[in-house]
Amino acid sequence: MSINMKEVIVTVFGTNAPVMSSCCCGPSCNDGCCGSTKTMQEEADSLKEALVQEFGEIISFSYIDVESSEMNNFPEIAKIMNRVKLPLITLNGEPRFHGGISSGMVSEAVSDLAK
């Protein structure tokens, strides 16, 4: 990446609950059917690894558990929590993605902001 790229602050808001898998075979879903499920924080950690590998030091990344007192530091995000699906991803403080984590979509948005 170019030295002149701007820092991008990536914040993922989520819970410690497992991410729902769309491959589930129904009410009797189990690990044998769907494979293991990751928590939102584990998925966020994977996103962080991918972004740091691609963009290096311009990425400032944090994960916020919406059930923690850390949410007190994000009053504007707290106001919209009833209108979004977790996980919620903000870039430079602006809500950009919710309801899932797509490293490709986030990477593209980070690339645009870093220019």
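Guide: Let's take strand β3, residues 88-91, which is covered on both faces: Leu88 and Thr90 are buried on one side, and Ile89 and Leu91 are buried on the other. Buried here means under 20% relative accessible area, exposed means over 50%, and partly exposed is in between (1.4 Å probe, protein chains only). Strands (E, at least two residues) and helices (H or I, at least four) are DSSP runs, numbered from the N terminus.

A word on the ground rules. This is a predicted model, where local features need pLDDT of at least 70 and side-chain atom pairs count only at pLDDT 80 or more, while totals for chains, interfaces and linings use all residues. Residues are numbered from 1 along each chain as its sequence is written, and side-chain values use heavy atoms, with hydrogens and water left out.

Now for the neighbours. β3 belongs to an open sheet of four strands, in the order β2-β1-β3-β4, with mixed pairing. The edge strands, each pairing on one side only, are β2 and β4. From one strand to the next, the twist averages 25°. Two strands count as paired if DSSP finds at least two bridges between them.

On one flank, β3 runs antiparallel to β1 (residues 8-14), and four bridges join the two. Leu88 is the bridge partner of Phe13 there. β4, residues 94-98, also pairs with β3 in the antiparallel sense, over four bridges, and Glu94 of β4 stands opposite Leu91. β3 and β4 make a hairpin with two residues between them, and Asn92 in the turn has a positive phi of about 50°. Over at the β1-β2 pairing, the strands run parallel and share seven bridges; Ile9 has Ser60 of β2 as its bridge partner.

What lies over this sheet? Helix α2 lies across β1, β2 and β3, running at about 175° to β2. Such angles run from 0 to 180 degrees between N-to-C directions, with axes being lines fitted to C-alpha atoms, for helices over the stretch in contact. Contact means heavy atoms within 4.5 Å.

α2 has 16 residues and spans 22 Å from its first C-alpha to its last, close to the 22 Å expected at 1.5 Å a residue; the expected span is 1.5 Å times one less than the number of residues. Met40, Ala44, Leu47, Leu51 and Phe55 are its buried residues.

Just after the helix, Gly56 takes a positive phi of about 70°.

Ser107 is found in α4 (residues 103-114), and it counts as buried because its relative accessibility is 10%. Leaving aside residues up to four places away in sequence, Ser107 touches Leu51, Glu54 and Phe55.
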